[in-house]
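Here is a friendly walk through one protein model, with an eye on charged pairs and helix packing. Take a look at it first, then read on.

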Amino acid sequence: MTERPTRLQAVCWDMGGVLLRTFDWRKRRMWERRLHLPPGSLEREVFDGPASRLAMLGRATSADVWQEVARSHALSDDEARTLRADFFAGDRLDDELLAYIASLRPAIRTALISNAWPDVRLALGEAGTNAFFDEIVISAEVGAAKPDPSIYQIALDRLRLPAEAAAFVDDMPRNLEAARAIGMHVVLFNGTQRTIEAVMKALREEDHLGSV
């Protein structure tokens, strides 16, 4: 007798670049011009600099990240505060995607798996975003960041599910490949509606939610 494949019981989601995206780039580009930086390089400085990499593992704070950026460009305290506010001014949560995630529950469990700095859980709570998820796994809190397989396993352990019973949605192929390597289903974020359709298709193929 052929054993029936494990059905999908959870969908895990990335945050930055998926649930939270930059919809207005004007203030970041303004700062790049002011600092004589090529387009896109400010994001790399903020998110890929040494302090940020440490913060994503819980070994530095968000303040350390901005101090590093300010030092590298000789910014005053006032300039650094303005840059920090302007940098995130164009970021928005995807309400349509969050509504879809809410519609999955309770039939399907949901989780957030995010490479993020230590203060992000507080921000999620203030935005009410944590209410959409059964589990939230933040790299700074667990000391492991995607694509490290251990961060996916932590989420699975908290969900009490095997890898094959969960799907993971992310905008970065390397993070998806790492999730696939441990047995999770994966969906590349490709815009809100196309991603929702891809998740729905994955759930239908597992014969779990029918026409959801």
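## Salt bridges and packed helices

Arg 121 is partly exposed, with a relative accessible area of 33%; partly exposed sits between buried (under 20% relative accessible area) and exposed (over 50%), using a 1.4 Å probe and protein chains only. Before going further, a word on what you are looking at. This is a predicted model, where local features need pLDDT of at least 70 and side-chain atom pairs count only at pLDDT 80 or more, while totals for chains, interfaces and linings use all residues. Residues are numbered from 1 along each chain as its sequence is written, and side-chain values use heavy atoms, leaving out hydrogens and water.

Which residue does Arg 121 meet in a salt bridge? The partner is Glu 141, at 2.8 Å from N to O. A salt bridge here is a side-chain nitrogen of Lys or Arg within 4 Å of a carboxyl oxygen of Asp or Glu. This pair links distant parts of the chain, with Glu 141 in helix H8 (residues 139–142) and Arg 121 in helix H7 (residues 120–127), 20 residues apart. Helices are DSSP runs (H or I) of at least four residues and strands are runs (E) of at least two, numbered from the N terminus. Glu 141 is partly exposed too, at 40% relative accessible area.

Searching the whole structure turns up 15 salt bridges. Here are three of them, with the distance between the N and O atoms:

| Pair | N to O distance |
|---|---|
| Arg 21 and Asp 94 | 2.9 Å |
| Asp 24 and Arg 26 | 2.6 Å |
| Glu 141 and Arg 121 | 2.8 Å |

Take Arg 21 and Asp 94, which form a salt bridge. That pair also links distant parts of the chain: Arg 21 is in strand S2 (residues 20–22), and Asp 94 is in the loop between strand S3 (91–93) and helix H6 (95–104), 73 residues apart. Both Arg 21 and Asp 94 are buried.

Is Ser 139 buried or exposed? With 0% relative accessibility, Ser 139 counts as buried. Leaving aside residues up to four places away in sequence, Ser 139 touches several others, among them Met 56, Leu 57, Asn 115 and Ile 151; contact means heavy atoms within 4.5 Å.

Now for the helices. H6 packs with helix H11 (residues 192–205) at an angle of about 20°, their axes 10 Å apart. Axes are lines fitted to C-alpha atoms, for helices over the stretch in contact, and angles run from 0 to 180 degrees between N-to-C directions. H6 and H11 are therefore roughly parallel, a label for angles under 35 degrees. The contact residues include Leu 97 and Tyr 100 of H6, plus Ile 196 and Met 200 of H11.

Helix H2 (residues 41–48) meets helix H5 (residues 77–88) at about 105°, with axes 12 Å apart. So H2 is roughly perpendicular to H5, the label for 65 to 115 degrees. On the H2 side, Leu 42, Glu 43, Val 46 and Phe 47 meet Leu 83, Phe 87 and Phe 88 of H5.

Definitions and conventions:
Parallel < 35°, antiparallel > 145°, perpendicular 65-115°, else oblique.
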